[in-house]
Amino acid sequence: GSTDSSGAICNWYAAKYDNICAIHEENKGQDMARKKGLDVAVGEFVLFIDADDWIDAKMIDCMMQKFADDIDIVAVGLRRVYENIIVDERENFSSGLYVGRDIAVNLIEKNRFFKYRMDIGIYTKIFRKKLAESVFNKIDLYVTYSEDYMIFLIAFLNSNHVYFINEPFYYYRLHSESYIHRNNKVEAIVH
């Protein structure tokens, strides 16, 4: 669904690397694209990275080292990138093993959301593919606002354990052309 040259770039990488598949179709929204990616994914784990963001070179290796039989999600912190300013966001969770349901319940109970804050974006998490498929089969793929929160809650409520690494490995870019700003006229304020 992209209108720039990103399709050609994807084709180039798909031709060069056997483990990359380029999919071209009409833009039906972010979650429909994620679901399509899940449909063709062949690995045991999945990670979703937004098109205008980037990750630290060590992120995936560091996260994959934490997976064990009873861990369904590994999460990391992020850095928010406002034009030329990068802000580390350390979470209120220490690095370690957690029960997924406990995190979700603590986040949604009254007066606990900000105390137990963890970034709800699915881009800072690697999921077992089976869990991600189960979640995407339960959600309304046409929701276009706060869909990550819905996915986050369903995934954490249905996971065994979550390992959290309190390192800001993910770079989340906020700019005037990002989806949230274009469609909701939200302005980022940096003090």
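These are my notebook entries on what I looked up in this predicted model.

**Entry 1: ground rules**

I number residues from 1 along each chain as its sequence is written, and side-chain values use heavy atoms, with hydrogens and water left out. Since I am reading a predicted model, local features need pLDDT of at least 70 and side-chain atom pairs count only at pLDDT 80 or more, while totals for chains, interfaces and linings use all residues.

**Entry 2: the whole chain**

I looked up the secondary structure and found seven helices and seven strands, where helices (H or I, at least four residues) and strands (E, at least two) are DSSP runs numbered from the N terminus. Along the sequence I read the pattern α-α-β-β-α-β-β-β-α-β-α-α-β-α. The protein has 191 residues, and 39% of them count as buried; buried means under 20% relative accessible area, exposed over 50%, and partly exposed in between, with a 1.4 Å probe and protein chains only.

**Entry 3: the nonpolar cores**

Which residues touch the most other members of the largest nonpolar core? They are I103, F127, F136 and F156, in a core of 27 residues; a nonpolar core is a set of buried Ala, Val, Leu, Ile, Met, Phe, Trp, Tyr and Cys residues joined through side-chain atoms within 4.5 Å. The elements giving two or more residues to this core are α2 (30-40), β3 (71-82), α4 (100-108), α5 (129-138), α6 (147-157) and β7 (161-174), and α6 gives the most, with six residues. I found a second, separate core of 17 residues as well, with Y123, I126, Y163 and I165 among its members. In soluble globular proteins, nonpolar side chains tend to be buried together.

**Entry 4: helix α6**

I then looked at α6 itself, where eight of the eleven residues are buried, so the helix is largely enclosed by the rest of the structure. The buried ones are E147, D148, I151, F152, L153, I154, A155 and F156, and their cover includes α2, β3, α4, β6, α5 and β7.

**Entry 5: aromatic pairs**

How many aromatic pairs are there? I count eight, using the rule that rings of Phe, Tyr and Trp (its six-membered ring) pair if their centres lie within 6.5 Å, with planes under 30 degrees apart counted as stacked, over 60 as edge-to-face and the rest as tilted. F48 and F136 form a tilted pair, 5.8 Å centre to centre with 40° between the planes. F48 lies in the loop between β1 (45-47) and β2 (54-55) and F136 in helix α5, so this pair ties together parts that are 88 residues apart in sequence. Both F48 and F136 are buried. In contrast to that tilted pair, the rings of F152 and F156 have centres 4.1 Å apart and planes at 25°, so they are stacked. F152 and F156 both lie in helix α6, four residues apart, about one turn of the helix. Elsewhere, ring pairs link W12, Y13 and Y17 into a cluster.

**Entry 6: K125**

Is K125 buried or exposed? K125 counts as buried, at 1% relative accessibility, and its place is in strand β6 (residues 125-128). Leaving aside neighbours within four places in sequence, its contacts include V46, M63, D119, F152 and F156. The side chains of K125 and T124 are joined by a polar contact of 2.7 Å; a polar contact is a pair of N or O atoms within 3.5 Å, and within protein one must be able to donate a hydrogen and the other to accept it, while residues adjacent in sequence count only if both atoms are side-chain atoms.

**Entry 7: two glutamates in loops**

E44 is in the loop between α2 and β1, and the C-alpha atoms of E44 and F127, 83 residues apart along the chain, are separated by 8.6 Å. The side chains of E44 and R128 are joined by a polar contact of 2.6 Å. E83, in the loop between β3 and β4 (85-89), has a positive phi of about 50° although it is not a glycine. Most residues other than glycine have a negative phi. E83 is exposed, with a relative accessible area of 56%.

Note on methods. Contact = heavy atoms within 4.5 Å.
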